[in-house]
Amino acid sequence: MFNKLLAESHLADKLVNYSCKVNPGEKVLITYSDCPDSLIECLIESVTKAKAIPLVYRLDRKVKRRLLLNSSVEMFEYYKEIVEPIMKSADAVILIGGSSNDFELSDVSSEAFANYSTIYVEPIHFNIRCSKKWVLLRYPTPAFAQSSQMSTEKFEEFFFNVCTLDYEDLNKKMTPLKELMESTDKVRIVTPTTDLSFSIKGMPAIKCSGECNIPDGECYTAPVKDSVNGTIKFNVPALDNGIEFNDITLTFKDGKVVSHDCNEPEKFKEILDTDAGSRYLGEFSFGLNPFCTYSVKDILFDEKMSGSIHLAIGSSYEDCDNGNKSAVHLDLIQSHTERLGGGKIYFDDKLIYENGKFICPKLVALNRENLL
């Protein structure tokens, strides 16, 4: 029978000792929202056993909503002033998000979100936190289980299986993909609704195996900023600040989104118009986690879906910097499984990925059946 407390203890140990590799004397900032204290208590125990120092900060979504509804530029600047030295002093950061209502922030204005992103999120998280050891995950609340159309207990079991995958084994198996991506110039993505091309020449490929995101399981790079041309339609929902976007279609010219369509075109346009970098791409990635097989409407899970790829509009990551900076980093997912229409990916005009599976002999170890 599934033992939740034992699973939380096991996960906490992985977060502290594998993901963040906490050393004696280090300061570990733990931030969380809308999740039970039991996992936080396990984390405190694990941090202390590592002879490190835990610091805990909590801000639930209902409280965050009230702050955002009553926000001002001065408030965000004050928060930045207070949090900046704390974030700078931390050696490792563990961020745990939960939610009793995925749409809690849906009535917050786009102006408030834009100010929050630009004044607070970008400098605190993109510039400071991302330069440290960090790991991010979402707790399996009943609301999360409901959005996944699973019972709470079954979803919790699924969650802990996904999050405690053998990431060391996955890391080894991703090495040939990393090497292939780093030796590739032209990428072409083709599906019944997509024909998109771009270059990844000279860009590093980053293996993600449980050291930053939990769950994990992807290998990403970034398109050369002005090389993206063509049209792509994403067939997995994207949830951003309480708004669900479906059937997002983007057309690029010389790297820039020049037209778009989806179920909420005006709301999506607000994201695209956030700043100078929000119409360009900052990431291209393969999802590889074999336990993630369909959308649960949470980006940390959905972007890792086996048989999928994703592109992110907005900022690139520091370890794979294509020069695009933005307050936005929104992952948009396209599943290539036959169930959702299939697809093909070519590297330098050679077919390497078809209907969600690698077909190169040196990459087939990354197909779902070989990772379970």
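Contact, in this talk, means heavy atoms within 4.5 Å. Hello everyone, and let me start with one residue. Ile 352 touches Leu 180, Phe 286, Ile 345, Phe 347, Lys 357, Phe 358, Ile 359 and Cys 360, not counting residues up to four places away in sequence.

A quick word on the model. It is a predicted model, where local features need pLDDT of at least 70 and side-chain atom pairs count only at pLDDT 80 or more, while totals for chains, interfaces and linings use all residues. Residues are numbered from 1 along each chain as its sequence is written, and side-chain values use heavy atoms, with hydrogens and water left out.

Back to Ile 352. Its place is strand S18, residues 350-354; helices (H or I, at least four residues) and strands (E, at least two) are DSSP runs, numbered from the N terminus. Is Ile 352 buried or exposed? Ile 352 is buried, with a relative accessible area of 2%. For the cut-offs, buried means under 20% relative accessible area, exposed over 50%, and partly exposed in between, using a 1.4 Å probe and protein chains only. Leu 363 is 11 residues away from Ile 352 in sequence, and their C-alpha atoms are 8.7 Å apart in space.

Now the nonpolar cores. A nonpolar core is a set of buried Ala, Val, Leu, Ile, Met, Phe, Trp, Tyr and Cys residues joined through side-chain atoms within 4.5 Å. Which residues touch the most other members of the largest one? They are Phe 268 and Phe 286, out of 88 residues in that core. If we skip neighbours within four places in sequence, Phe 268 is in contact with Phe 245, Ile 248, Leu 250, His 260, Cys 262, Ile 313, Leu 330 and Leu 332.

Next, salt bridges. Side chains of opposite charge can pair when their charged atoms come close. Here a salt bridge is a side-chain nitrogen of Lys or Arg within 4 Å of a carboxyl oxygen of Asp or Glu. How many does a search of the whole structure find? The search finds 17 salt bridges.

Lys 4 pairs with Glu 156, with the closest N and O atoms 3.0 Å apart. This pair links distant parts of the chain, since Lys 4 sits in helix H1 (residues 4-19) and Glu 156 in helix H7 (residues 152-163), 152 residues apart. Lys 4 is partly exposed at 29% relative accessible area, whereas Glu 156 counts as buried at 10%.

In the second pair, Asp 298 meets Arg 138, and their closest N and O atoms are 2.7 Å apart. Asp 298 lies in the loop between strand S14 (281-287) and helix H10 (299-302) and Arg 138 in strand S4 (residues 133-138), so the pair ties together parts that are 160 residues apart in sequence. Both Asp 298 and Arg 138 are buried.

Lys 173 is partly exposed, with a relative accessible area of 24%, and Asp 169 counts as partly exposed at 28%. There is also a network: salt bridges that share partners join Asp 37, Arg 58 and Asp 60.

Finally, some backbone details. Most residues other than glycine have a negative phi, and most peptide bonds are trans. Where is there a cis peptide bond? One joins Ile 214 and Pro 215, with omega about 0°. Pro 215 is in the loop between strand S7 (206-208) and strand S8 (218-221).

Asp 247 has a positive phi, near 55°, and sits in the loop between strand S11 (243-245) and strand S12 (249-253). Asp 247 is partly exposed, with a relative accessible area of 46%. Asp 348 has a positive phi as well, near 50°, and is found in the loop between strand S17 (344-347) and S18. At 37% relative accessibility, Asp 348 counts as partly exposed. And S18 brings us back to Ile 352, which lies in that strand.
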